[in-house]
Amino acid sequence: MGTASVEVRDLVKYHGATLAVDRCSFSVQPGEFFSLIGPSGSGKTTTLRLLAGFEQPDHGEILIEGRSMRSIAPNHRPVNLVFQNYALFPHLTVFKNVAFGLEMRHIARSEVNSRVGAALDMVRLRDKPDRFPSQLSGGEQQRVALARALVNRPAVVLLDEPLGALDQQLRQDMRMELKAIQEQVGLTFICVTHHQEEALTMSDRVAVMDRGRILQIGSPRDMYESPRSVFVANFVGISNQLTGRVDEVNAATCRIHVPGMPSLVARYQASLTVGTPIILTIRPERFVLSRDQHESGLDNRVPARIDKAVYNGSDMHYRLRLTDRVFWTARVVNGGDQKGFTVGESVYVGWNAGDGVALTE
Amino acid sequence: MIDPSSTASRHHSTRQRHPYWPLIPAVLWMLAFFLLPLLLVFAISFASRGLYGGVRWVFSPSNYTMILDPLYLWIYGRSILLAFATTGICLVIGYPLAYFIARAPARWQGVWLLLVIIPFWTNFLVRTYAWMFILRTEGLLNTVLLDVGMIRAPIEILYTDWAVLIGLVYGYLPFMVLPLYAAIERLNRSVVEAAWDLYANGWSVFWRVIFPLTKSGIIAGCLLVFIPTIGAYITPDLLGGAKTMMVGNLIQHEYLVIRDWPFGSAISFVLMALVVLGALMYFKRGGVFEDVEGRR
């Protein structure tokens with residue numbers, strides 16, 4: 001394996017007395033789309049600013065293409081940042097904005113022209129080189145910001161909430177477009193977002209951060225299917241929870257005892273011992289609801305009452321009341337013909353052992 | 001479907017115009033106390049001086065041709081030069097100061113701005129007398145410089161162009177700092193970071209991004225300093241003495257000492273024309289830029 005595009009080792013950054021980044025380490029491979037996700041204040045933006053060079057780490061090291069970035073100013077780093085609010089130069093045209101980085105590096109005029117032209121082509125703005133940023137729509141401004149970074153062919157493109165300022169529909173479209181452009185140019189992308197769904201669809205790998213620490217790094221599938229902590233399970237998608245105690249540990253599954261409920265079977269992550277308190281997490285789309293207790297061969301089945309039913313077009317969202325304090329959400333695909341459940345109705349909630357993950361915490 | 005009351009109110013609001021009546025008091029005041037006297041002065045500038053100092057209503061353009069005398073041209077020249085020098089020095093001192101204040105923590109900005117405008121709380125005349133005390137041959141500046149050993153004999157500053165320049169820079173610096181502060185404070189910090197990220201060094205970040213984006217403040221500050229300094233009167237009168245006259249002093253001299261009102265009026269009008277021309281030039285360039293920025 002060659003050199004990593006970015007290698008972050010044991011990064012620590014204080015903002016005054018608060019620990020903004022707490023011993024973070026990760027590495028990003030060339031051509032990879034890597035996302036840092038987490039709630040606001042989790043340290044993801046600080047990490048990005050440390051990579052860009054706007055802030056200096058208090059401890060730890062950043063290597064970009066094998067080269068230490070210690071005391072290297074932003075203008076000497078082979079990275080370009082796509083700012084959250086684009087930070088386009090309001091006094092320069094689209095063309096001049098995109099050409100800025102090349103001009104600063106004294107690239108020959110003819111090459112600047114061809115590279116800016118190609119970059120504008122890629123983001124579908126070839127016909128608007130003479131516009132000023134204020135004359136563009138939000139989506140167009142976003143694409144100029146992207147072109148302004150890509151045109152320099154940096155070792156790493158950093159993106160700070162790249163789609164954050166766009167409206168819902170545009171976000172959806174740009175998500176696909178951003179990913180397509182990244183694959184086309186083959187550059188390494190490191191993206192910061194608090195929008196987990198966005199990160200899942202675009203990224204090759206994701207790191208979940210909370211309070212300055214990286215909790216888990218893995219593929220979007222890993223994050224969703226095999227969260228290693230309740231925080232990750234909650235942050236990446238919706239998860240239903242139930243606290244219990246381990247009754248029996250087998251090779252791949254464990255048996256869980258929850259007072260007042262039938263015995264449940266689930267997968268587990270870290271090694272478990274009998275008697276350990278655990279939290280069982282299950283995704284809302286994995287449930288099968290039925291009126292008949294003995295229907296189909298699911299591993300787990302608990303009784304519940306429909307507390308709320310929300311028609312959502314493509315699917316139905318049910319709020320299920322298991323006990324006075326435990327409420328779950330179930331998502332059932334709208335197949336068209338079947339009649340839904342009504343509020344107050346008693347149902348059985350079933351799922352397979354592989355759909356539940358037992359987490360210690 | 002259509003609520004009649006809502007359509008009615010909408011109709012009403014579209015008919016509402018931008019009203020002009022709030023202008024009436026100001027317009028009346030300016031007509032009576034500015035435009036009318038100005039027209040009078042303009043008329044006088046084409047009249048002739050009476051034998052004993054009065055105005056004789058005989059048309060004559062000679063007041064204007066008299067200005068072409070090298071003696072008077074030199075006074076205009078000195079005024080323009082001093083005004084340009086003052087503006088330039090104020091910009092060089094004021095820009096870093098304004099930048100510092102605009103980038104200071106929010107709670108300190110008010111304190112720094114207060115320090116900039118505190119001198120306004122005392123009378124300008126009193127402050128200019130204070131400068132006389134400082135710049136005198138046996139004044140504060142010379143005493144200190146002699147004591148420290150930086151000079152061997154007192155240097156003559158008071159009653160030279162240098163004293164006038166120092167006094168003008170002192171007096172008008174706040175007028176430069178305030179608009180610059182407003183422009184720099186408005187500057188989006190991440191745009192500066194973007195330039196830095198795009199390989200610009202400190203020099204390029206300033207000249208390619210910060211400077212053009214604060215140009216409106218620079219133009220406003222320069223106008224606010226240039227216009228009053230070119231016609232300055234108190235500063236050159238007290239600090240420059242008789243040797244270094246500026247247009248303001250010449251006008252005063254013609255009106256009150258020589259009692260040649262027509263000539264004094266002509267000098268005033270030429271000064272005004274210079275200022276208006278200069279301002280128009282500034283505004284024309286400034287206006288184009290404001291447009292670009294305004295579309296943000």
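This is a predicted model: local features need pLDDT of at least 70, side-chain atom pairs count only at pLDDT 80 or more; totals for chains, interfaces and linings use all residues.

Colleague: What does the secondary structure of chain A come to, and what does that of chain B come to?

Modeller: Chain A has 8 helices and 20 strands. Chain B comes out with 14 helices and 2 strands.

Colleague: Is chain B compact or spread out?

Modeller: Compare its radius of gyration with what the globule rule gives for a chain of that length. For 296 residues the rule gives 19 Å, but chain B is at 25 Å, well over that, so chain B is more spread out than a compact globule. Its C-alpha atoms fill a box of roughly 85 × 60 × 35 Å along the principal axes. For chain A, the box is roughly 75 × 50 × 40 Å.

Colleague: Let's do single helices. How do I read a helix in general?

Modeller: An α-helix has 3.6 residues a turn, so residues three or four places apart point the same way. Then ask how many of its residues are buried.

Colleague: Fine, how many residues of α1(A) are buried?

Modeller: 9 of the 9 in α1(A), residues 44-52, so that helix is largely enclosed by the rest of the structure. Among them are A:K44 and A:R49, along with A:L48, A:L50 and A:L51. Just after α1(A), A:G53 takes a positive phi of about 100 degrees.

Colleague: Does α2(B) lie in the open, or is it enclosed?

Modeller: Of the 21 residues of α2(B), the number buried is 1, so α2(B) lies largely in the open. This helix covers residues 24-44 and reaches 29 Å from first C-alpha to last, close to the 30 Å expected. Look along the axis too: there is a kink of about 40 degrees, centred on B:L31.

Colleague: Now strands. What's the general idea there?

Modeller: In a regular strand the side chains alternate between the two faces of the sheet. For pairing, check the direction and the bridges.

Colleague: Which way do β16(A) and β17(A) run?

Modeller: They run antiparallel, with 6 bridges joining β16(A) (300-311) to β17(A) (315-321). One bridge pair is A:I306 with A:L320. These two strands form a hairpin with 3 residues between them, and A:G313 in the turn has a positive phi of about 80 degrees. Next, β17(A) pairs with β18(A), residues 327-333, in the antiparallel sense over 7 bridges. There A:Y318 has A:A330 as its bridge partner, and the hairpin joining β17(A) to β18(A) goes through 5 residues.

Colleague: Last one: how many residues of chain A are in contact with chain B?

Modeller: The size of an interface is often given as the accessible area lost when the parts come together. Here we have residue counts: 19 residues of chain A are in contact with 19 of chain B. On the chain A side, β6 (79-82) and α2 (94-104) each give two or more residues, and α2(A) gives the largest share, with 3. By class, that side has 11 nonpolar, 7 polar and 1 charged residues.

How values were computed:
Residues are numbered from 1 along each chain as its sequence is written. Chains are lettered from A and ligands numbered from 1 in the order in which they are written. Helices (H or I, at least four residues) and strands (E, at least two) are DSSP runs, numbered from the N terminus. The radius of gyration is taken over C-alpha atoms; the globule rule is 2.2 Å times the number of residues to the power 0.38. Two residues are in contact if their C-beta atoms, placed from the backbone, lie within 7 Å. Ala, Val, Leu, Ile, Met, Phe, Trp, Tyr, Cys and Pro count as nonpolar, Asp, Glu, Lys and Arg as charged, and the others, Gly among them, as polar. A residue is buried if 20 or more other C-beta atoms lie within 10 Å of its own, exposed if 12 or fewer, and partly exposed in between; C-beta atoms are placed from the backbone. The expected span of a helix is 1.5 Å times one less than its number of residues. The bend at a residue is the angle between axes fitted to the seven residues ending there and the seven starting there. Two strands pair if DSSP finds at least two bridges between them.
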